[in-house]
Amino acid sequence: MRPPFTDTMMERLVSRTLRIGVYTSSIFMLAGFITSLFHPEMLSNAVDHPSLTQLIALLRPDHDFFTRLLNPFLLFYLGILLLMLTPILRIVMAIASFSLERDFRFVVVSVMVLFIILLSVYFSSSV
Amino acid sequence: MTLQSFFFILAGGFVTGILGALLGIGGGVIFIPYLVLLLKVPIHQAIATGIVCVIATSSATASVNVERKFTNIRLGMVLEVATTVGAILGGFTANALSGAVLSKVFGGLLFLVAFLMIRRLWMGRDDAPTSGENGWIRGAYFDPAMSKEVRYSVRRVPVALSFSLIAGNLSGLLGIGGGVIKVPVMNLMCGVPMKAAAATSNFMIGVTAVASAFIYYANNRIHPVVTCAAVIGVLFGSMVGTTISAKIRGRTIALIFTFVLLILGIRMILR
């Protein structure tokens with residue numbers, strides 16, 4: 001029989017999600033900073049502000065993926081996007097953990113928080 | 001935007017991160033005026049930068065506090081229902097207000113924070129007594145300073161929810177974490193020990209900030225260079241601040257900080 005899912009397991013899962021999110025987004029931001037050290041003129045040539053959908057599309061793994069990432073602006077934008085996704089991911093992890101713990105009252109509460117955030121994302125992407 | 005401005009923002013973020021870790025507050029109250037008054041960043045962009053920095057510091061600090069069990073995830077999730085609604089309302093309000101009005105409101109906030117800092121310095125920071133263990137949200141952690149396990153349950157959840165709505169609103173409106181309101185309420189009114197209240201508030205502000213961050217993003221208020229320089233600086237600063245916090249006298253820094261807040265408050269109002 002599988003051992004029951006405990007609060008300690010949830011804490012580890014949430015903690016790792018947050019840590020990985022901060023590390024990954026910082027890597028993108030630092031990469032943008034290093035790229036701009038070599039091409040400081042690029043900081044003056046701002047790219048058009050990408051919408052959320054355009055930004056997510058930039059992450060598609062095609063043959064131009066690495067060429068796109070030579071632009072510090074796009075690296076910065078991707079770093080910001082990943083950072084903004086980190087707390088959302090930790091809500092998803094909390095929902096999964098509460099479900100495994102069969103603590104349904106907090107599953108409902110966490111789903112409500114996720115719903116409110118997604119509502120904000122929805123309204124923002126339709127602006 | 002030049003490489004020189006990038007370094008100025010990075011340095012400002014670094015100092016803010018150190019101060020935040022030393023004083024136990026989010027650095028937004030000092031970093032946003034720094035961006036606005038010294039680097040002439042438009043206030044909406046400065047607030048958006050503050051919001052993204054809040055996500056970064058909250059996620060980094062919470063990843064440690066959650067594993068130490070100081071954070072009460074259940075309490076955090078319940079109060080986030082109110083903080084996120086407040087933050088969305090704040091985000092929309094801020095984007096509708098003019099820069100001049102927002103500056104004045106921010107100046108008022110600086111006075112409020114300065115007052116709370118003076119009160120804390122004057123009265124000390126005694127922990128309110130914890131209540132029994134019969135509430136529906138309970139918590140327990142091992143306190144290394146007291147060498148014992150602390151158990152508590154949360155009283156007056158509706159009160160905490162109401163204040164969380166206000167804290168979330170301030171966060172979305174002015175780009176701060178809102179811990180300045182939530183921590184005393186959780187501690188004094190709801191019987192949550194100070195360590196757990198501070199860790200839970202810190203845990204919540206990341207999700208609260210995300211709720212308004214997307215609104216700022218959609219309104220083109222997030223400047224990628226300003227924001228990333230600030231985030232890198234703040235993250236490194238808070239790492240250094242956490243390391244040196246044990247060796248530095250917090251009271252003197254808190255006094256200087258309060259004085260700086262008052263001056264910044266006046267300048268933001270007169271701007």
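The structure is a predicted model.

The contact between the chains is considered first. Chain A contributes 44 residues to it, and chain B contributes 42 residues. H1(A) supplies the largest share, 15 residues. By type, the residues on this side of chain A comprise 28 nonpolar, 13 polar and three charged.

The largest nonpolar core has 119 residues. Helix H8 (residues 194–218) of chain B gives the largest share of this core, 17 residues. Four residues have the most contacts inside the core: B:Val52, B:Ala56, B:Ala213 and B:Val231. Residues up to four places away in sequence aside, B:Val231 touches A:Met29 and A:Leu83 in chain A. In chain B, B:Val231 touches B:Val52, B:Cys53 and B:Ala56. In soluble globular proteins, nonpolar side chains tend to be buried together.

Two helices were checked for length. H4(A) has 29 residues, and at 1.5 Å a residue these should span 42 Å. The end C-alpha atoms of H4(A) are 41 Å apart, which agrees. H4(A) also has a kink of about 30° at A:Thr86, shortly before the proline A:Pro87. Just after H4(A), A:Arg102 takes a positive phi of about 60°.

Which residues of H5(B) are buried? They are B:Leu102, B:Ser103, B:Phe106, B:Leu109, B:Leu110, B:Val113, B:Ala114 and B:Met117. An α-helix has 3.6 residues a turn, so residues three or four places apart point the same way.

Two further residues of chain B lie in helices. B:Met186 lies in helix H7 (residues 179–189) of chain B. It counts as buried because 30 other C-beta atoms lie within 10 Å, and the cut-off for buried is 20 or more. Neighbours within four places in sequence aside, B:Met186 is in contact with B:Ala160, B:Val192, B:Ala197, B:Thr200 and B:Ser201. B:Ser63 is 123 residues from B:Met186 along the chain, and their C-alpha atoms are separated by 21 Å.

B:Phe236 lies in helix H9 (residues 224–244) of chain B. Is B:Phe236 buried or partly exposed? It is partly exposed, because 16 other C-beta atoms lie within 10 Å. B:Phe236 and B:Gly17 are 219 residues apart in sequence, but 7.1 Å apart in space, C-alpha to C-alpha. Leaving aside neighbours within four places in sequence, B:Phe236 is in contact with B:Phe14 and B:Gly17.

Strand S1 (residues 138–143) and strand S2 (residues 148–153) of chain B pair in the antiparallel sense over six bridges. B:Gly139 stands opposite B:Tyr152 in S2(B). B:Phe142 has B:Glu149 in S2(B) as its bridge partner. Four residues lie between the strands of this hairpin, and B:Ser147 takes a positive phi near 50°.

Most residues other than glycine have a negative phi. B:Lys69 is not a glycine, yet it has a positive phi of about 70°. B:Lys69 is found in the loop between helix H3 (43–67) and helix H4 (73–96) of chain B. This residue counts as partly exposed because it has 19 C-beta neighbours inside 10 Å.

B:Arg156 is not a glycine either, and it has a positive phi of about 45°. B:Arg156 sits in the loop between S2 and helix H6 (157–174) of chain B. With 15 C-beta neighbours inside 10 Å, B:Arg156 counts as partly exposed.

Terms used. Residues numbered from 1 in each chain as written. Chains lettered and ligands numbered in written order. Predicted model: local features only at pLDDT ≥ 70, side-chain atom pairs only at ≥ 80, totals over all residues. Contact = placed C-beta atoms within 7 Å. Nonpolar A, V, L, I, M, F, W, Y, C, P; charged D, E, K, R; others polar. Buried ≥ 20, exposed ≤ 12 C-beta atoms within 10 Å, placed from the backbone. Expected span 1.5 Å × (residues − 1). Bend = angle between axes of the 7 residues up to and from the residue. Pairing = 2+ DSSP bridges. Core = buried A, V, L, I, M, F, W, Y, C linked by C-beta atoms within 7 Å.
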